[in-house]
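The points are grouped by topic for reference.

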Amino acid sequence: YKDPGNLWYWLEDAECNDQYSVIYDGGERTAIFLNTYGGTEQSLVEERARWTETYVRWSPKGTYLATFHQRGIALWGGEKFRQIQRFSHQGVQLIDFSPCEKYMVTFSPLIDSKDE
């Protein structure tokens, strides 16, 4: 077991700021910002080059950030957005989480060509 740290650290923010993600530079960079009230300055939490191959999706409670890759999904979380888990699913394009974030399902339109 590897302790992922405090996955809900952002809920302890005294200013009650929420987080949002932005993909920019033609999809080459992804950044997480705090949604500060009334501020003109952007508050960068984390920024990475090529963090995802297509797009990202937050889990319902904001605990996890899912990134999409040709070989599957990666879940990130905690203060420094460390990788929590990887899930292999070739060509995955959709993800959905259960409301409690205990379960998730992925979908790929690719046909499995394995003979049974």
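**Briefing on the predicted model**

Thr-67 is buried, its relative accessible area being 0%. The model is predicted, and Thr-67 belongs to strand β5, which covers residues 65-69. The protein as a whole contains 0 helices and 9 strands.

**Surroundings of Thr-67**

- Thr-67 counts as buried because its relative accessible area of 0% falls under the 20% cut-off.
- A polar contact of 2.8 Å joins the side chain of Thr-67 to the side chain of Trp-76.

**The hairpin of β1 and β2**

- Strand β1 spans residues 18-24 and strand β2 spans residues 29-35; the two pair in the antiparallel sense over 7 bridges.
- Together β1 and β2 make a hairpin, with 4 residues lying between the strands.
- Within the turn, Asp-25 has a positive phi of about 55 degrees.
- Tyr-24 stands opposite Arg-29 of β2, while the bridge partner of Gln-19 in β2 is Leu-34.

**The open sheet**

- An open sheet of 3 strands has the order β1-β2-β3, with antiparallel pairing.
- Its edge strands are β1 and β3, the latter comprising residues 43-49, and each of these pairs on one side only.
- From one strand to the next, the twist averages 20 degrees.
- In general, strands of a sheet pair through backbone hydrogen bonds, in either a parallel or an antiparallel arrangement.

**The protein as a whole**

- Along the sequence the protein follows the pattern β-β-β-β-β-β-β-β-β.
- The C-alpha trace spans about 55 × 35 × 25 Å along its principal axes.
- The protein has 116 residues, of which 33% count as buried; Thr-67 is itself a buried residue.
- Among contacts in the protein with a separation of 6 or more, 30% come from residues 24 or more positions apart.
- The protein exposes about 8300 Å², and carbon and sulfur atoms supply 49% of that area.

Key:
Residues are numbered from 1 along each chain as its sequence is written. This is a predicted model: local features need pLDDT of at least 70, side-chain atom pairs count only at pLDDT 80 or more; totals for chains, interfaces and linings use all residues. Side-chain values use heavy atoms; hydrogens and water are left out. Buried means under 20% relative accessible area, exposed over 50%, partly exposed in between (1.4 Å probe, protein chains only). A polar contact is a pair of N or O atoms within 3.5 Å; within protein, one must be able to donate a hydrogen and the other to accept it, and residues adjacent in sequence count only if both atoms are side-chain atoms. Two strands pair if DSSP finds at least two bridges between them. Axes are lines fitted to C-alpha atoms, for helices over the stretch in contact, and angles run from 0 to 180 degrees between N-to-C directions. Contact means heavy atoms within 4.5 Å. Accessible areas come from the Shrake-Rupley method with a 1.4 Å probe; for residues, only the protein chains shown count as cover.
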